[in-house]
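I opened the notebook to write down what I looked up in this structure, entry by entry. I give each term its cut-offs where I use it.

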Amino acid sequence: MKKNSFIEGTIIATVCIVIVKIIGMLYVIPFYAIITPIGAELYAYAYNIYGLFLEIATAGIPSAVSKLINEFNTLNKQEAKIRTFKIGKRLLSVIALLAFLILFLFAPQISSLIIGDITGENTVEDITFVIRTVSFALLVFPFLSVSRGFFQGHNIISVSSISQVIEQVARVLIIIFGSYIAIKWLKLDLTIGVGVAVFGAFIGGLCALLYVHSKLKKNAKKLSLTENFETKDDITNKEIVKKIIRYAIPIIIISIAFTLYNNVDMILVLRTMDFLGLNAQDAGFIATGISTWAPKISIVVTSISLGLSASLIPNMVESFTLKKYEDLNHKFNKSMQIILFISLPMCIGISLLANAIWTIFYGANELGTSILAIAIFAPLFSNLYSVCNNTLQSMSKFKWVYISSITGIILNALLDVPFMLLFDFFHLPAYFGATIATITGFSVTVLITTLYLKREFNFNYQNTKKTFYKILVPLITMVAVVLLMKIFIPLDYNSRTSCVVYVFVIATVGAASYFIVSHKMGLIDEILGKNYLEKIKRKIFKNKKEV
């Protein structure tokens with residue numbers, strides 16, 4: 001099993017994450033039809049609580065273990081590396097067991113807290129059953145996460161990425177077919193059907209865990225897992241635990257930061273729209289549209305940073321540990337260039353086709369179209385923010401993780417209302433101000449990080465600036481092509497099928513124009529590596545010949 005290069009690891013992780021996210025978006029359509037709105041409500045209750053406990057159960061430890069393993073591996077401290085893996089598993093076993101017991105034993109109390117005094121189709125007993133069913137997944141995922149982290153720590157990105165696809169496919173198959181068989185064939189109670197669906201989380205996690213463990217077993221010798229070390233490295237278990245905790249804290253803060261960005265926006269937008277005289281229905285639609293529904297569509301854009309970070313952190317750790325600051329600078333710039341090259345045209349394309357895309361997902365709605373057209377740009381800055389914070393993590397500059405993240409959150413909160421009022425004053429949609437405030441918060445975080453890296457480590461960003469200016473050429477070409485096609489291709493906003501065909505045709509031609517011009521300019525070779533396309537072609541044709 002070979003290590004993945006930085007670019008190769010980024011592409012593998014990104015492709016797999018995009019596949020996972022697309023599956024995660026599409027399965028909702030048939031599943032919702034099977035379980036009806038009542039079952040969907042029950043499913044959401046259980047999954048939201050489970051998601052919270054899963055975050056607590058993993059608590060950033062897998063990423064911290066990945067970082068530490070890469071550090072020890074780079075320093076050739078193989079014994080300490082293996083001890084770190086074992087200690088990480090022990091820590092997570094305790095946390096996972098506690099999280100499972102709390103969720104399982106206190107499910108009735110949690111259900112009462114969720115539903116309160118509301119009486120409807122779903123009872124406290126129904127919610128309790130579904131929560132207890134999904135809680136078993138907590139016994140699997142922490143171990144899956146730390147095992148993935150072990151591979152990532154060795155710059156082996158493919159195992160972790162493929163395991164995510166396996167997990168999602170297995171989960172979705174159980175969700176759709178399990179609920180269909182239970183409800184439609186066996187005519188079981190709706191609560192049982194939803195319980196079968198949420199149990200898909202456990203099955204998906206178990207399938208992925210079996211795959212990862214098979215890879216661990218197969219490559220145990222290469223990864224030093226079977227080696228009997230005669231002497232211990234000069235680092236104690238206590239020091240390892242302290243390092244894991246220290247590395248995990250900023251990851252938790254970053255996770256909280258993203259959650260706060262969304263929640264702050266939703267609350268302040270709701271209050272401001274009400275203040276400006278909008279009815280409750282429109283105010284609620286705008287608030288949830290910005291915080292929830294538009295981000296669902298932009299999930300492919302945010303996947304770029306998720307794929308990038310999977311490869312970025314271990315590579316950054318290695319360079320920083322060896323004090324290769326020029327290489328760090330190169331990887332940081334390369335990460336920024338990849339995001340600008342891929343995310344920027346995606347955001348502009350989605351914005352230009354916002355009317356048809358919103359209709360495909362949620363039905364025709366002018367307000368929703370307007371929200372998506374501007375809100376889609378927030379993920380671009382969110383991706384840049386992720387690169388900056390991942391870089392600071394890799395360099396153990398946790399103080400600046402806190403400073404940059406907290407400054408961005410506070411600024412976003414402070415600017416939300418003034419920006420919305422300002423936009424309303426100029427007779428523009430007030431909710432545009434909320435997205436601009438979010439973008440400003442992310443931008444300030446990026447600015448703080450880049451200035452710090454330039455001052456302390458002499459980072460230079462000239463290559464990224466030059467690349468950005470070059471990207472404008474294929475970008476303008478793409479925009480011109482899309483606008484021209486929009487003029488000549490008719491669209492029936494009331495037909496989802498018409499919208500799907502419309503988006504597919506225009507997006508395909510627009511993307512093709514962007515990449516053809518980029519290739520002619522040498523941008524693809526410059527950003528992804530010289531002759532990268534030729535390498536892909538050789539692999540494709542080689543596979544065809546073998547078939």
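This is a predicted model: local features need pLDDT of at least 70, side-chain atom pairs count only at pLDDT 80 or more; totals for chains, interfaces and linings use all residues.

I looked up K243, which counts as partly exposed at 21% relative accessibility, where partly exposed lies between buried (under 20% relative accessible area) and exposed (over 50%), with a 1.4 Å probe and protein chains only. The side chain of K243 meets that of E71 in a salt bridge, 2.9 Å from N to O, a salt bridge being a side-chain nitrogen of Lys or Arg within 4 Å of a carboxyl oxygen of Asp or Glu. This pair links distant parts of the chain, for E71 sits in helix α3 (residues 61–74) and K243 in helix α11 (residues 237–275), 172 residues apart. Helices here are DSSP runs of H or I with at least four residues, numbered from the N terminus. I noted that E71 is buried, with a relative accessible area of 11%.

Residues are numbered from 1 along each chain as its sequence is written, and side-chain values use heavy atoms, with hydrogens and water left out.

I recorded K470 as partly exposed at 35% and E526 as partly exposed at 31%.

Staying with helix α14, I looked up S335, which is found there and is buried, with a relative accessible area of 0%. S335 and V387 are 52 residues apart in sequence, yet 7.0 Å apart in space, C-alpha to C-alpha.

Next I turned to a pair of packed helices. Helix α15 (residues 354–362) and helix α21 (residues 496–521) pack at an angle of about 135°, with their axes 9 Å apart. The two helices are therefore oblique to each other, since angles under 35 degrees count as roughly parallel, over 145 as roughly antiparallel, 65 to 115 as roughly perpendicular and the rest as oblique.

My last entry concerns backbone angles in loops. Most residues other than glycine have a negative phi. Phi of N76, however, is near 60°, a positive value, and N76 lies in the loop between α3 and α4 (78–105). H427 has a positive phi of about 60° although it is not a glycine, and its place is in the loop between α18 (398–425) and α19 (432–457). Are these residues buried or exposed? N76 counts as exposed at 58% relative accessibility, and H427 counts as exposed at 75%.

Methods
Axes are lines fitted to C-alpha atoms, for helices over the stretch in contact, and angles run from 0 to 180 degrees between N-to-C directions.
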